[in-house]
Amino acid sequence: MSGRWIERWDPEDETFWREKGERIAKRNLAFSVFSEHIGFSIWSLWSVMVLFMGPEYGIDPAGKFSLIAVATLVGALIRIPYTFAVARFGGRNWTIFSALLLLLPTGAAYTVMEPGTSYTTFLLVAALTGVGGGNFASSMTNINAFFPLHKKGWALGLNAGGGNIGVPVVQLIGLLVIGTAGAAQPRVVLGIYLPLIVVAALCSALYMDNLAPVRNDTGAVKEAVKDAHTWIMAFLYIGTFGSFIGYSFAFGLVLQTQFGRTPLQAASLTFIGPLLGSLIRPLGGSLADRHGGARITVATFVAMAAATGVVVYASVIESLPVFLVGFIALFVLSGLGNGSTFKMIPAIFQAKAHAIGLEGEEAAAYGRRISGAAIGLIGAVGAIGGLAINLAFRQSFQTAGTGTAAFVAFLLFYAACLTVTWAVYLRRPLEVPAKRQLRYSEV
């Protein structure tokens, strides 16, 4: 596990990047995407498993929402230590280990997935799948270090988008299994993923690298925790990624519970939103590279509030076609917002470096240090938004038998995210000593 260390890495040096760095960075990006993709599939595994759990399992809709909620919670919390593991063990080394760790929840689910298993056992196994959520944080922290600032929006968007696609892919596999083998064969899904996990770990070992300049920096972590921008961006990421992962986990259950879809009918629709949201995430990062992350994020929240209004209307009149239009639009928009918000993180700290008088490589190094530490914290808090969405759905269905109240709450939250983004990153200029005014929206 100690091999393949790169001692010098300076992506902001144009000559180094052109002659050597870009090729290495893109190779690491490709296999990071693959491993993170499998991690997302395992993290969202119970959004599929609950579709196989018919009346013979004896679990009501509220209990099923709890299963996916506990997976979301563990996946969110574990992102924090995963962020710092990259610098401690190396990006390649940790990717190998974290991929192999996915064998534990997958094998456990394979063992217990049958009627008669206690609900407590299902809860524990669902919690184990949270380790797949941690892969996102370590992967994003690792790739953030490989690319220069002007490429981070594209690279982080592609890395995250490729990982996010793991959600609709496992749902498509679930649809295929239900449509061919039947709803009584959940172990087929798990049997497909066990060898894929081994392949992901093997590819990481053969083709990825560790960056020696990336080291655990306690000072950077403390600085990121104390910086208000870390928590402001975490709040905004709840609105984008929290929506994406929360809706991804809950979509099939909402269709079954509110609109009376069968497991096969629900599975045939569940994957569409997460797939489109994943595919469009890199575009959100690219648009942010060109037009500024804050501008794209503000526009995204405006559109998300409008789409939520459509969903509320559809829920009240009980129209499945209108509901699907609004809900799938929410997936697409959350994907765009995921890309633009993650572009903002390194750019904000780069802008702050200039604000405190740093220039050139010194400013770039400061931006990499603080943004690398902040990414894991922001990713963890954002994922907790997915937990909040599942709990809101659980409460709404438990008390009213419909998700309308939950969607009204989401609409109000998007309005708050819109206001914060505009007030902090678009309205106020940042004073740069002896230089010029710099707006965060420029970066």
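Reader: Taking a salt bridge to be a side-chain nitrogen of Lys or Arg within 4 Å of a carboxyl oxygen of Asp or Glu, how many salt bridges does the count come to?
Author: This is a predicted model in which local features need pLDDT of at least 70 and side-chain atom pairs count only at pLDDT 80 or more, while totals for chains, interfaces and linings use all residues. Residues are numbered from 1 along each chain as its sequence is written, and side-chain values use heavy atoms, with hydrogens and water left out. By the salt-bridge rule, the count comes to seven.

Reader: Which residue forms a salt bridge with E114, and in which helix does that partner lie?
Author: The closest N and O atoms of E114 and R187 are 3.1 Å apart, and the two form a salt bridge. The pair links parts of the chain 73 residues apart, with E114 in the loop between α6 and α7, where helices are DSSP runs (H or I, at least four residues) and strands are runs of E (at least two), numbered from the N terminus. The partner is therefore R187, in helix α11.

Reader: Which residues are linked with R4 in a network of salt bridges?
Author: The side chains of R4 and D209 meet at 3.2 Å, N to O, and because R4 lies in the segment before β1 and D209 in the loop between α11 and β2, this pair ties together parts 205 residues apart in sequence. D209 also meets the side chain of R27 at 2.9 Å, N to O, and that pair spans 182 residues, with R27 in helix α1. The residues linked with R4 are R27 and D209.

Reader: Is D209 buried or exposed?
Author: Buried means under 20% relative accessible area, exposed over 50%, and partly exposed in between, with a 1.4 Å probe and protein chains only. R4, at 34%, counts as partly exposed, as does R27 at 23%. D209, at 7% relative accessibility, counts as buried.

Reader: At roughly what angle do the axes of helix α1 and helix α9 cross?
Author: Each axis is a line fitted to C-alpha atoms over the stretch in contact, and angles run from 0 to 180 degrees between N-to-C directions. The axes of α1 (residues 14-43) and α9 (residues 149-164) come within 7 Å, and they cross at roughly 30 degrees.

Reader: Beyond its neighbours within four places in sequence, which residues is S41 in contact with?
Author: S41 is found in helix α1, and it is buried, with a relative accessible area of 0%. With contact meaning heavy atoms within 4.5 Å, and those neighbours left aside, S41 is in contact with G166, V170 and Y193.
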